[in-house]
Each structure stands twice: as C-alpha cells, then as structure tokens.
Amino acid sequence: MNKYLLLIIFTVSIFGQETLNRSEKITVKRKLGTVGVYSDLDFRTTDKRGLYYRHLEGGITIPIGKTWSTSLQYRSIYTNNGSLWKIEKRPKALIQKRFNSNNIKWAVRSLQEYRIRKGKDDALRNRVRVMAKSNTNWNGLTPFMGNEFFYDMEKNEYNKNWFVIGFDLSKKNNIAPSVYYKHISDNVDGEWVYTYTMVFKFTI
C-alpha cells in the first residue's frame, strides 16, 4: 500500500474523532562544523479560535561526546487573545541523552525555560521528554511516539502533559515531512482538561 495513502488513512481517522485543531511547523537545520544551528516556525489553529498562536525559535546544539548534547534556544511567542496579539519570550536550555536498543532509538531530554510574559509574572518551567523512534521504516514511514511532562517551578506542580504518536516520511527534495497526533492534558484549577491537535512538520 502506498505510504501516502497510509498517511491519509491515519489523518482521516484522527480528524474523524476530533475537531480540526492543527499545527503547521517548519524547521530548518544546518551544521557549522560539529555545532548544529536551527530555526523553527510554528502556526497553531483551532476551529473555534482560528489562528491563535505562532512562534519563531532559533538555537544551537552542541554535542557532548557520542550520545549527549546540550542546546541553547530562544523563542518568541505570539498568542491571539481576542483582537490583540500578546508576546511571550522564552530563553531555554536543555540537555539530551540518546541511545539505541535493537529496534528503537531513544532520546531523553530535560529542558529549562524561563517565561517572560507581559502582564504576568515571569515563570520558570521544566520539561522532560522521552521519545522512541523505530530503527526501521515501514513502507517509507518511520513510526515514533513520545511523552513530555511539564513542571511549573513557581507553583511546584506538574500541570501539563503532551503525548504524541505519528510517522516520519521519507525525505524528498531535501524536505523531511512528519505528521503526528498530539494529546494535550492541562491541569486547570485542579481539574485535568484534555484537547487534541494534528501536527504537520517539515524539516529542511
């Protein structure tokens, strides 16, 4: 079966059970010697709010030995609240460990981000992500899944979670597409609220 037909079936099955929440991401990666340089654009839309979120991020990744790396990043976020776009700035730093088993590539990272928000107190947050990706592809598709835990350092609580599952597609014309389903859990006033979105990502 054609890999793009499989992708359509996967996408339609997700959209069939939830509203058309979606995110379009473009990531550009380059190497300067052993240092990785990247930029990232993200646009997020829901059926109720329309285009409500966009961000621009840049950063560098520095390898530490064969399996460890560290990264310094900076993100500018614009969120639509009615008729106004609010800005949030996030300097970030992370450390990551990669390792392989027979069938799976694993990556575990810890990210610290400082949230500079207009009209709100600044906040520090820790994000821990575990990702697993197949070492082999299935008819041109490489499946992956992962989970990210968000811990608010100011409130001293775990209050957000992302679970993702999807596929990387084979690179074509130097563009590597990915599509995945993101299950979002937010702790709001002591109650967990759940939403979903489809993410379409293109890495250049």
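The legends below describe close-up views of a predicted model.

Residues are numbered from 1 along each chain as its sequence is written, and side-chain values use heavy atoms, without hydrogens and water. In this predicted model, local features need pLDDT of at least 70 and side-chain atom pairs count only at pLDDT 80 or more, whereas totals for chains, interfaces and linings use all residues.

View A. Strand 6 (residues 104–117) and strand 7 (residues 123–134) are antiparallel partners over twelve bridges. Val130 in strand 7 is the bridge partner of Val108.

**View B. Phe99 and Trp106 form a stacked aromatic pair.** Rings of Phe, Tyr and Trp (its six-membered ring) pair if their centres lie within 6.5 Å; planes under 30 degrees apart count as stacked, over 60 as edge-to-face and the rest as tilted. Here the centres are 6.4 Å apart and the planes meet at 15 degrees. Phe99 is partly exposed at 37% relative accessibility, and Trp106 is partly exposed at 29% (buried means under 20% relative accessible area, exposed over 50%, partly exposed in between, with a 1.4 Å probe and protein chains only).

**View C. Tyr181 and Tyr196 are stacked.** Their centres are 5.6 Å apart, with 5 degrees between the planes. Tyr181 lies in strand 10 and Tyr196 in strand 11 (residues 191–203), so the pair ties together parts 15 residues apart in sequence. Tyr181 is buried at 10% relative accessibility, whereas Tyr196 is partly exposed at 22%.

Methods: Two strands pair if DSSP finds at least two bridges between them. Helices (H or I, at least four residues) and strands (E, at least two) are DSSP runs, numbered from the N terminus.
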